[in-house]
Amino acid sequence: MSLFVPRFHETVIVRDAEAEVIGGAPVGVKLLADSSATGGALSTVRVTLGEGADGARPHLHRNSAEMFYLLDGAAEVLSGDDVVTAERGDLVIVPPGRPHAFSAAPGSKADLLIVITPGVERFDYFRHLQRIRLGEATPESLLEVQELYDNHFLRSETWDGRR
C-alpha cells in the first residue's frame, strides 16, 4: 500500500460568497477547492441540480475516487452496472476505474458535495463544460481533454435504460 502525502501548508478556507459559480438552473456548479489549493489531496465542488436534471454522463476516472454526499434532495448515481438512489445525508464513493454518472432523481432536485481524491485540476473542466453549453466549444472538444482531466467518457446501457 502506498501512502499519498499532500503538500500544502495553509488552511484552505472557501467563503460561500466568494466561490465561483458556473451555470445556473437547471445545473449549477460551485467551485470550492481545486487540487492546487490542497497540495493534490482533493478537488471539490458543489453541484445543484433542478428537478430530474442530469449532472454527468457516464465516465470514469483512472486515478481518482469520487465521493458524492447528498446535502439535500435525491440523486440517482450509477456505479458500475448499478444505479442507486441516494437521499439527503447519504454518501456514495466510487473507486478509481469504475464507470459512474449522476442526476437528480425523477421528481426531485439534488444538492451534492462532490470530492475527487487524489485531486485533479478540475475547475477548467467545468469552465470548458460551460463554454460548450454557451455554444463557444463543441461537445467533441471534451474528447481532446479526457487525459488532462482524468475524465474518460463511455456508454452505459444501464444508465441509458434507467428511465
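Contact here means heavy atoms within 4.5 Å. This is a predicted model, in which local features need pLDDT of at least 70 and side-chain atom pairs count only at pLDDT 80 or more, while totals for chains, interfaces and linings use all residues. Residues are numbered from 1 along each chain as its sequence is written, and side-chain values use heavy atoms, with hydrogens and water left out.

Leaving aside neighbours within four places in sequence, valine 45 is in contact with Val29, Lys30, Leu31, Leu32, Leu112, Leu113, Ile114, Phe123 and Phe126. Helices (H or I, at least four residues) and strands (E, at least two) are DSSP runs, numbered from the N terminus. Buried means under 20% relative accessible area, exposed over 50%, and partly exposed in between, with a 1.4 Å probe and protein chains only. Strand β3 is mostly covered, with five of its seven residues buried.

Two strands pair if DSSP finds at least two bridges between them.

| Strands | Sense | Bridges |
|---|---|---|
| β2 and β3 | antiparallel | six bridges |
| β3 and β9 | antiparallel | seven bridges |

Towards β9, valine 45 stands opposite isoleucine 114. In β3, arginine 46 is the bridge partner of lysine 30.

Lysine 30 is placed in strand β2. Its relative accessible area is 17%, so lysine 30 counts as buried. Beyond four places in sequence, lysine 30 touches Asp16, Ala19, Glu20, Val21, Val45 and Arg46. Between the C-alpha atoms of lysine 30 and alanine 56 there are 15 Å in space, and the two are 26 residues apart in sequence.

Aspartate 111 lies in strand β9, which covers residues 110–117. Aspartate 111 is classed as buried because its relative accessibility is 12%. Setting aside residues up to four places away in sequence, the contacts of aspartate 111 are Arg46, Val47, Thr48, Tyr69, Leu70, Leu71 and Asp72.

Helix α1 spans residues 123–133, and its buried residues are Phe123, Tyr125, Phe126, His128, Leu129, Gln130 and Ile132. Their cover includes β1 (20–23), β2 (27–33), β3 (43–49), α2 (146–149) and β10 (152–153). After α1 comes glycine 135, with a positive phi near 80 degrees.

A nonpolar core is a set of buried Ala, Val, Leu, Ile, Met, Phe, Trp, Tyr and Cys residues joined through side-chain atoms within 4.5 Å. The largest such core has 30 residues, of which Val45, Leu49, Phe68, Phe102 and Leu112 touch the most other members. At least two residues of this core come from each of β2, β3, β5 (65–79), β7 (91–94), β8 (100–104), β9 and α1. Helix α1 gives the most to this core, with five residues.

**The largest pocket**

On a 1 Å grid over the protein atoms alone, a pocket is an open set of points where a 1.4 Å probe fits, with protein on both sides within 12 Å along at least five of seven lines; lining residues have an atom within 4 Å of a point. Grid points are joined across faces, edges and corners, and a volume is the space filled by probe spheres set on the points.

The largest pocket holds about 600 Å³ of space. It is lined by 28 residues, and the closest to its centre are Gly55, Ala56, Arg57, Tyr125 and Leu129. Each of β2, β3, β4 (54–60) and α1 supplies at least two residues of the lining, and β4 gives the most, with six residues.
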